Amino acid sequence: MKSWLTYGLMRKRLTTGFPSMEAEEVPLWTTTPVSTGTGEAHCPANAIKGTTVEMGRCISCGYCSPAFQPDGVPGTSIVRSTEKAFRKSFHIYLFDAGSCGSCNLEVKALGNPYYDMSRLGISFCATPKHADALIVVGVLADGMSDPLKRAVEALPSPKLIFALGACAISGGIIGKSISGIVDADIVVPGCPPNPFTILDALQRSRGVRL
Amino acid sequence: MVGEDVITGVLESGGGECEITSGFGIPSWKKAAGSDIDGREDFKACVGRFDEKAEGTDVFNFTYGPSAGGLNESCKFNIYTYGERILSLRPEPAYKDRRLEVSGSGLVMAILRLERYCGPLSPFYSGMFAAAVEAIMGNGENNDLRLARVIMNEVGRISDHLYVIAKLAEGASQNVAYNLLFGLREKLLRLVSRRFGHRYFFGINGFGGLARSADFGGISSEVGAIAEEFRQLWIRLENSGIFIDRIQGTATLRRPWMVGPAARAAGLRTDTRIDGSCLRYDDLDLEVASAASADTLARSLVRKDEIFASARIIEKAESMIREVPAAVRMNLGEISGEISVRTETPGGDSLMRVSLANGVVKKIYIRPSSLQNLAVFTYAIKENLLTDFTFGYEGLGIHVSELGGVL
Ligand code: SF4
Ligand code: SF4
């Protein structure tokens, strides 16, 4: 039987060319719904304001179809501040404040061979003390307020805070956002945001031109 | 296990504690001394209570979590050790309890919240709730809708089992295997996104039909190809001494109250798909996997066999499915009634009790499989080494979000 290494090397390349190349297979309903000018839309998350969608509230449910259709563009994040010191290496820590579990898995998916964030110098770390950025997912559960405050304090400077997913940004349809504890530098919409959108946000947050 | 009442959780009420019991039939609530559970309106979900302390010379107590790099979801563990040996362990999953509010919601909002109760298991919970509402409404079972839900659940099961086995490979430093397994899961999520419009099946389950159109044509050949790739990986994994050594004899437990792969790995023939109240599988050639050694290796063997069994079920269901009806979004009616449904999630039997009044959720109670699996972990990890923690925990496929309350 072939060794693991040989077996792995014999597989065809899976890794995306994104962000230098276009993203393949973007999950449509995590991108921005755009008005088609047909029919009436009922949004359970109150995300629709006239003909536009407030992405921080959008729960990617697709209930507004056919009046709205997703645009398929992964770059939906809002980057309020950037930190160029992280351009060569970027250590991120995933903080679950009260998620359903899916946002966590989409962040972790960045490590799989399809996205392979290590090729861009991005890696997970085991404690906020060693992290450059805190990626917060989920609503703010009462029991996670203090751990979140402590995680933010433990981050060395310079640092970046991400609010990832509708729950962390606005509370979505589940609960409170994290804004009472910390102001996010980058918001990554979606329920959950897809890995291309997350990768795009990570790159833009450290000033990498896409 | 059939007919036997077992304790499936502890519920706090007015300073007292109530044991929640569940037999294989209708769930029941048993009062513990001094508590009043029958009068409760909110059905706050039960939280497992395990507080055995260990004391003695050289016993060392420390905590892990609630947020830690090695944990996918937040959960705190109070661990008592003697040297490298774990004497006792107390999990505290309530940190991230979101107290998900479903009572008082209309049915559409309720199903959207329930699919976010545990995102990775969303088709199971939204499907359970939809089936409960349909049963209360007196809708007869639509065969195509049943088959559609079976296919979605079985795809969800394969995804969850791939994740569990990948995490075990990661724990054993089998990095090529871990990456390839995680890659396979990604391939499956992309298939789900293409065919169902969302990687985690959000927004798809509705009442009386699917809330969005889905593409079932040829799904079994795509899933079959993923199962075949997994077979090649598994052959290599089971020949890896490093992998097998870490999971063999780890976190062994046999108890009559166990559910899901943990129970089947201990030789118990229990699977809600045989006689559950939510989805019929009787014409789908369900094969119940089983193993004997009741350890993490046996649980992995059961999961491995279930990946292939799910692929076969999907193939059968696809051959039978015709036209899946669209969901009714409006005029769901002023329906009232109460019903219990249960389904076999990847972790095992989960139960949902739904009470509706005038088209609004009056109360809901969920007893998830993770509650039992957390209890399995707590008892099974005793006398194992600290380095076995990952294998015992990850091998049970526990979802912490499932342990939170539904109000
Ligand atoms: S996808 Fe859902 S939440 Fe987002 S705008 Fe459409 S209806 Fe609203
Ligand atoms: S934003 Fe959506 S996917 Fe993320 S934790 Fe909240 S409910 Fe789950």
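Reader: What makes helix 2 of chain B and helix 3 of chain B roughly antiparallel to each other?
Author: Look at the angle. The axes of helix 2 (residues 122-137) and helix 3 (residues 143-171) of chain B cross at roughly 155° and come within 9 Å. Angles over 145 degrees count as roughly antiparallel, so helix 2 and helix 3 of chain B get that label.

Reader: Which residues in helix 2 of chain B meet helix 3 of chain B?
Author: On the helix 2 side of chain B you have B:Pro123, B:Phe124, B:Gly127, B:Ala130, B:Ala131 and B:Glu134. Their partners in helix 3 of chain B include B:Leu145, B:Met152 and B:Arg157. By class, this contact between helix 2 and helix 3 of chain B comes to 6 nonpolar, 3 polar and 3 charged residues.

Reader: How do you know that helix 4 of chain B and helix 5 of chain B are roughly antiparallel to each other?
Author: Helix 4 (residues 175-196) and helix 5 (residues 219-238) of chain B pack at about 175°, with axes 10 Å apart. The cut-off is again over 145 degrees, and therefore helix 4 and helix 5 of chain B are roughly antiparallel. Among the residues making the contact are B:Leu180, B:Leu184 and B:Leu188 of helix 4 of chain B, and B:Val223, B:Ile226 and B:Phe230 of helix 5 of chain B. The contact of helix 4 with helix 5 of chain B divides into 13 nonpolar, no polar and 5 charged residues.

Reader: Why is the site of ligand 2 called shared between chains?
Author: Because residues from chains A and B surround ligand 2. Chain A's part includes A:Cys100, A:Cys103, A:Cys167 and A:Cys191, while B:Arg116 is in the shell too. Helix 2 (102-108) and helix 4 (166-170) of chain A are the elements that give two or more residues to this shell. Sorted by class, the shell around ligand 2 has 6 nonpolar, 4 polar and 1 charged.

Reader: And what surrounds ligand 1?
Author: Ligand 1 has A:Cys43, A:Cys58, A:Cys61 and A:Cys64 around it, along with others including A:Trp29 and A:Tyr63. This shell has 11 nonpolar, 1 polar and no charged residues.

Reader: What is the peptide bond from A:Ser157 to A:Pro158, cis or trans?
Author: Cis, with omega near -5°. A:Pro158 is in the loop between helix 3 (145-154) and strand 9 (160-164) of chain A. Another cis bond joins A:Phe18 and A:Pro19, with omega about 10°. Most peptide bonds are trans. A:Ser60 has a positive phi of about 55°, though not a glycine.

Reader: Where does pLDDT stay under 50 in chain B?
Author: Residues 10-18 of chain B are one such stretch, and residues 22-49 of chain B are below 50 as well. Where pLDDT is low, the predicted coordinates should not be read in detail. The mean pLDDT of chain B is 86, though, and helix 9 (residues 296-320) has the highest mean among the elements of chain B, 98. The model scores ipTM 0.96 and pTM 0.93.

Notes:
Residues numbered from 1 in each chain as written. Chains lettered and ligands numbered in written order. Predicted model: local features only at pLDDT ≥ 70, side-chain atom pairs only at ≥ 80, totals over all residues. Heavy atoms only, no water. Near = heavy atom within 4 Å. Nonpolar A, V, L, I, M, F, W, Y, C, P; charged D, E, K, R; others polar. Axes fitted to C-alpha atoms, helices over the stretch in contact; angles between N-to-C directions. Helix = DSSP H or I, 4+ residues; strand = E, 2+ residues; numbered from the N terminus. Parallel < 35°, antiparallel > 145°, perpendicular 65-115°, else oblique. Contact = heavy atoms within 4.5 Å. pLDDT = per-residue confidence, 0-100.
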